[in-house]
Amino acid sequence: MDNCIKGFFIPVEAWYKNTVTGNPEIWIGFYCKNGGTAGEFKIEWDNIGIRLHAYNESWEALSKMPELIALMAKYDREKIEPDIKEFAEQLKKIGFKDITEREKIGESGGEKKVRSVLKKARKEAGMTQQEVADKIGISYTYYAKIEAGKRTGDFYIWDKLEDIFGIHQRKLREE
């Protein structure tokens, strides 16, 4: 986890013009300066309470965040239910960096323009980035970087995107 920071981000759907589609969520993990992750998971607010969604590579990352576990235990013990903004502020207080705006991570170099055809297809399908990522079987972060032109994605992902949107992958890759 060298060259990575302990951070979090709030997906664009939760902060842009305050239009949340689905449940509010925060993604937490180790984010690397090269644009990758060294394990991430999400915390979601739903009608039952606050839920942790951990994936295969996220358990190691979570094990290196005892301060987060302590914060969640305190919320449980004291029956505190913070909203997403209050939770984000608490994360900052315990040393997590808000990387909601990705350029705060560091120099990514060679950034490309947003893949406008892919983004338009997703929006026309009425899907969020999270929904597309779930359908493909990849993390939200990885999909968002593909759509932003910061990651290329392998042939399997582009085949899936072609199936989802019914548009040839060469067209979907256009800026």
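Predicted model: local features only at pLDDT ≥ 70, side-chain atom pairs only at ≥ 80, totals over all residues.
Is Lys92 buried, partly exposed or exposed, and at what relative accessibility? I looked it up: Lys92 counts as partly exposed, at 37% relative accessibility. My cut-offs are under 20% relative accessible area for buried, over 50% for exposed, and partly exposed in between (1.4 Å probe, protein chains only).

Residues are numbered from 1 along each chain as its sequence is written, and side-chain values use heavy atoms, with hydrogens and water left out.

Next I went through salt bridges (a side-chain nitrogen of Lys or Arg within 4 Å of a carboxyl oxygen of Asp or Glu). I found seven of them in the structure.

Lys92 pairs with Glu89, with 3.1 Å between the closest N and O atoms. Both sit in helix α4 (residues 84-93), three residues apart, about one turn of the helix. For helices I take DSSP runs of H or I, at least four residues, numbered from the N terminus. Glu89 is partly exposed too, at 40%.

I then checked Glu60 and Lys64, whose side chains form a salt bridge at 2.8 Å, N to O. Glu60 is partly exposed at 44%, and Lys64 is partly exposed at 40%.

Last entry: Arg122 and Glu147 meet in a salt bridge at 2.7 Å, N to O. Arg122 is in helix α5 (residues 116-124) and Glu147 in helix α7 (residues 140-147), so this pair ties together parts 25 residues apart in sequence. I get Arg122 as buried at 5% and Glu147 as buried at 2%.

Technical notes
Helix = DSSP H or I, 4+ residues; strand = E, 2+ residues; numbered from the N terminus.
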